[in-house]
Amino acid sequence: MRRFYIVIAVFALVLLCGCSVPSKNQPVSGEIVYVSPDFWPEDRIVSDLPRPDGETYWVLDESHIGRYSMAFTDVTEAESEAYIDTLKKDGFREYSSEGNEVSVGLILFRDGLYLSVAYSDGTLGFTAVTE
């Protein structure tokens with residue numbers, strides 16, 4: 001149950017991280033940074049995940065504590081649904097989900113990796129957390 005609360009807290013962090021002040025265009029551990037639209041990390045936590053459609057907007061690299069977050073813009077609702085379907089085909093199973101008229105969020109799990117995915121109004125964000 002403790003893991004569930006940790007994952008929910010991380011999910012909330014993804015939704016609130018847009019308010020932080022970014023630094024330069026290089027991911028720095030523990031800081032939110034804006035990156036180039038085609039950026040994809042080589043970090044061990046997320047490197048084997050499929051890349052969502054859209055443009056990379058910001059990154060929060062906390063891989064030193066087993067967490068990595070990203071946000072993408074210009075993503076349609078259909079593209080976000082297709083991304084989630086791709087993740088499920090890649091072996092992720094749904095751990096928890098929540099949605100309403102304007103946003104969707106779910107937590108997926110595979111091989112010791114929790115993936116919190118949220119979509120709202122053209123933006124897709126995810127946080128990957130290792131066990």
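These legends walk through several close-up views of the predicted model shown above.

Residues are numbered from 1 along each chain as its sequence is written, and side-chain values use heavy atoms, with hydrogens and water left out. Since this is a predicted model, local features need pLDDT of at least 70 and side-chain atom pairs count only at pLDDT 80 or more, while totals for chains, interfaces and linings use all residues.

**View 1. How confident is the predictor, and where?** The score to know here is pLDDT, the predictor's confidence in each residue, from 0 to 100. The protein averages 81, and 74% of the residues score at least 70. Among its elements, strand E3 (residues 67-73) has the highest mean, 96, while helix H1 (residues 2-16) has the lowest, 44. Helices (H or I, at least four residues) and strands (E, at least two) are DSSP runs, numbered from the N terminus. Take care with residues 2-26: the pLDDT is below 50 there, although the stretch has 43 contacts in the model beyond near neighbours in sequence. A contact means heavy atoms within 4.5 Å.

**View 2. Strand E2 and its two partners.** Strands pair if DSSP finds at least two bridges between them. E2 (residues 55-62) is joined to E3 by 7 bridges, and the two run antiparallel. On this side, leucine 60 stands opposite serine 69 of E3. Another antiparallel partner is E1 (residues 32-34), with 3 bridges to E2; here valine 33 has valine 59 as its bridge partner. Why is E2 largely enclosed by the rest of the structure? It is because 6 of its 8 residues are buried. Buried means under 20% relative accessible area, exposed over 50%, and partly exposed in between (1.4 Å probe, protein chains only).

**View 3. The turn between E2 and E3.** This hairpin has 4 residues between its strands, and glycine 66 takes a positive phi near 85°. Serine 63 is in the loop here too, and at 18% relative accessibility serine 63 counts as buried. Its side chain makes a polar contact with that of aspartate 61, at 2.7 Å. (A polar contact is a pair of N or O atoms within 3.5 Å; within protein, one must be able to donate a hydrogen and the other to accept it, and residues adjacent in sequence count only if both atoms are side-chain atoms.) Leaving aside neighbours within four places in sequence, serine 63 touches Asp43, Arg44, Ile45 and Tyr68.

**View 4. Opposite charges meeting up.** Side chains of opposite charge can pair when their charged atoms come close. The whole structure has 3 salt bridges, each a side-chain nitrogen of Lys or Arg within 4 Å of a carboxyl oxygen of Asp or Glu. In one, arginine 110 meets aspartate 48 (3.3 Å, N to O). Arginine 110 lies in strand E5 (residues 103-110) and aspartate 48 in the loop between E1 and E2, so the pair ties together parts 62 residues apart in sequence. Arginine 110 is buried at 17%, whereas aspartate 48 is exposed at 52%. Glutamate 62 pairs with arginine 67 at 2.7 Å, and both are buried.

**View 5. Rings side by side.** Rings of Phe, Tyr and Trp (its six-membered ring) pair if their centres lie within 6.5 Å; planes under 30 degrees apart count as stacked, over 60 as edge-to-face and the rest as tilted. The count comes to 6 aromatic pairs. Phenylalanine 109 and tyrosine 114 have ring centres 4.7 Å apart and planes at 50°, so this pair is tilted. Ring pairs also link Trp40, Phe72 and Phe126 into a cluster.
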